[in-house]
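Here's a quick briefing to read alongside the model. Have the sequence and the 3D view open as you go.

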Amino acid sequence: MGEGDRAGVRQVWTEDELDHALTGLYLEIKTDQRGLVGVRENLVAAAEGQARPGLGLVGTGEGARRRRPLRRWLAAAAAVAALATGGVFAQPVLFSDRAATAQAREALTSAADVAARAGDPAVADGQYRYVATHAWWVRTTGAESESFSFLNENVIETWIPADPDGEWLRRRGETGNRKWVKGTEAEARAAGAVIEETPWPEQRADGGEFTEGAPEHGNWQFPKPEFLAGLPADPERLYERLRQDSGGGKRSLVYAADALRTGLMPAAARATLLRALTYLPGLDVTDGAADLDGHRGVALGISEGGERQEIILDPGTGEVMGERTVSDSMFAGVPKGTVTGYSSTTTAVVDGIGAKPTR
Amino acid sequence: MTASAAGPGPGPPHGEEPDLSGPDPGSVFGRLFDDHAGSLHAYLARRVGDQTADDLVSETFLVALQQRHTYDAARAGARPWLYGIASNLLRRHVRQEVRGWRARARVVGSDRAQAESPEVRTTERITAQQRVRQLAGALAALEPGDRDVLLLTSWGHLSSTEVAQALGIPVGTVYSRLHRVRRWLQSHSSVATGGAEDGDG
């Protein structure tokens with residue numbers, strides 16, 4: 001039975017079969033909501049208690065009561081904007097329904113040419129490709145009756161061996177750099193809020209399989225050689241594949257950036273993917289001199305749902321330096337052009353697992 | 001039971017989001033509860049059972065009440081806000097949930113198939129029930145964050161943007177997690193329940 005099973009069991013479900021199984025599982029589990037009546041009574045009693053001074057569960061003063069939540073969000077957005085020191089100069093986006101704008105096509109093609117010419121840095125036996133991502137993410141933490149928000153700097157470092165089937169190493173952690181958006185660190189600590197994350201354990205895994213369930217042959221988020229080998233070599237057909245896999249629009253850019261950021265794509269594949277993006281409708285050069293950690297790059301963005309997703313290319317190397325999300329004019333009253341999320345990626349070749357690049 | 005009779009519907013339509021900081025929290029939260037508690041409870045009960053779901057719904061609305069001044073209707077609807085609070089609270093019950101999925105992988109389908117009349121016990125139906133059982137086993141193997149994204153989408157009927165708001169993660173992360181986890185389930189659901197299959201004989 002062993003051999004037959006091994007050869008035969010790996011049946012792959014279609015999208016429909018998965019959806020049916022999910023719905024089936026939902027319907028299989030019967031639930032009883034009679035307990036909700038009592039829950040509602042308790043809630044309304046608690047809410048009415050809050051309305052009367054002195055009985056409230058929360059000791060909020062008038063100031064807290066009048067605080068406008070929008071202001072908090074604006075403060076978060078402004079704080080991220082302050083991190084991107086160069087600021088953002090939003091330009092009108094000229095939508096084209098068939099491809100990226102001429103400006104974007106030019107930037108992509110020229111970056112692709114540079115990438116293809118530059119080739120890949122050689123990683124000799126025993127050496128490692130080092131990929132580090134710095135990202136500022138908003139974190140909200142709560143104590144009993146208050147919540148606090150801050151921008152938290154995270155660093156994710158990955159060491160990839162010359163032979164990608166060998167042992168990889170990943171370290172992830174907070175740098176301790178924080179920018180407080182709502183409340184202060186002292187207030188949060190006094191209220192008993194948890195600020196530090198539980199430290200992430202160092203991860204080691206053969207072939208980069210850090211999480212259980214990583215796709216066997218890779219995907220856009222983990223572009224293994226066999227995945228890359230299966231992609232079309234023609235840029236237009238590659239775009240079509242990207243569109244289908246991602247769902248299209250802004251997601252196409254997110255998926256392309258996911259793949260480019262890993263450090264797993266050889267120069268030729270990067271160049272083809274950049275050329276494929278010239279077919280992405282609505283993609284435009286949104287900032288000709290975007291500043292990421294003091295390095296200037298060209299931002300290419302696509303707007304959707306009130307927010308613009310950008311990738312930032314280093315014109316000197318054709319590599320993706322980072323990503324940003326930038327608010328669009330329609331987004332919750334946040335000024336157009338405000339940076340609301342930010343990450344940058346650097347790569348290097350190092351001499352040992354866990355070794356940092358020397359600069 | 002009325003809410004579950006309505007099935008896994010998308011919840012109340014998004015119109016005016018409530019002003020939760022108003023002067024009459026009793027009636028505001030009463031309405032908020034009427035609008036959302038049924039579907040939230042159904043979602044939670046399917047993950048951790050009725051009793052824990054009762055507690056979680058209660059805690060979710062009490063946290064919401066305490067944090068109502070920080071609720072920002074301009075940023076997120078009430079629904080993703082509540083599901084986000086509930087998702088945080090649910091993390092305390094991960095082990096219980098995983099045990100539940102493992103147990104379900106062994107029993108779902110087999111007993112229900114018995115209960116059906118012979119006419120409907122077609123091969124197709126049994127195959128579908130096997131898939132449901134296999135899926136339960138595979139859900140046990142997911143990382144909690146991946147399970148949240150999948151089930152908030154599939155069972156909670158939240159859009160990707162709402163899932164992002166609920167979990168406090170970028171929407172791109174929702175897209176890629178959802179994509180990754182669906183792909184993995186499509187190819188690994190049968191493999192992941194291998195042990196359960198053997199156990200059943």
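**A serine and its neighbours**

Leaving out residues up to four places away in sequence, A:Ser343 touches A:Thr133, A:His134, A:Ala135, A:Leu292, A:Met321, A:Gly322 and A:Glu323, where contact means heavy atoms within 4.5 Å. Keep in mind that this is a predicted model, where local features need pLDDT of at least 70 and side-chain atom pairs count only at pLDDT 80 or more, while totals for chains, interfaces and linings use all residues; side-chain values use heavy atoms, with hydrogens and water left out. On labels, residues are numbered from 1 along each chain as its sequence is written, with chains lettered from A and ligands numbered from 1 in the order in which they are written.

**More on A:Ser343**

- You'll find A:Ser343 in strand β9 of chain A, which covers residues 339-350.
- Is A:Ser343 buried or exposed? A:Ser343 is buried, because its relative accessible area is 11% (buried means under 20%, exposed over 50% and partly exposed in between, using a 1.4 Å probe and protein chains only).

**Chain A overall**

- Chain A has eleven helices and nine strands; these are DSSP runs, with helices being H or I of at least four residues and strands E of at least two, numbered from the N terminus.
- Of its 359 residues, 48% count as buried.
- Take the contacts in chain A between residues at least 6 apart in sequence: 60% of them join residues at least 24 apart.
- The accessible surface of chain A is about 17400 Å², and 51% of that belongs to carbon and sulfur atoms (Shrake-Rupley method, 1.4 Å probe).

**The α10/α11 pair**

- Helix α10 (residues 250-261) and helix α11 (residues 267-276) of chain A pack at an angle of about 165°, with axes 11 Å apart; the axes are lines fitted to C-alpha atoms over the stretch in contact, and angles run from 0 to 180 degrees between N-to-C directions.
- So α10(A) and α11(A) are roughly antiparallel, a label for angles over 145 degrees.
- Where they meet, A:Ala256, A:Ala259 and A:Leu260 of α10(A) face A:Arg270, A:Leu273 and A:Leu274 of α11(A) in contact.
- By class, that contact has five nonpolar, no polar and one charged residues (Ala and Leu count as nonpolar, Arg as charged).

**A:Gly208 in its loop**

- A:Gly208 sits in the loop between β4 (203-206) and α8 (225-229) of chain A.
- A:Gly208 counts as buried because its relative accessibility is 8%.
- Its C-alpha is separated by 7.1 Å from that of A:Glu167, 41 residues apart along the chain.
- Not counting residues up to four places away in sequence, A:Gly208 touches A:Trp168 and A:Phe222.

Conventions: Angles under 35 degrees count as roughly parallel, over 145 as roughly antiparallel, 65 to 115 as roughly perpendicular and the rest as oblique.
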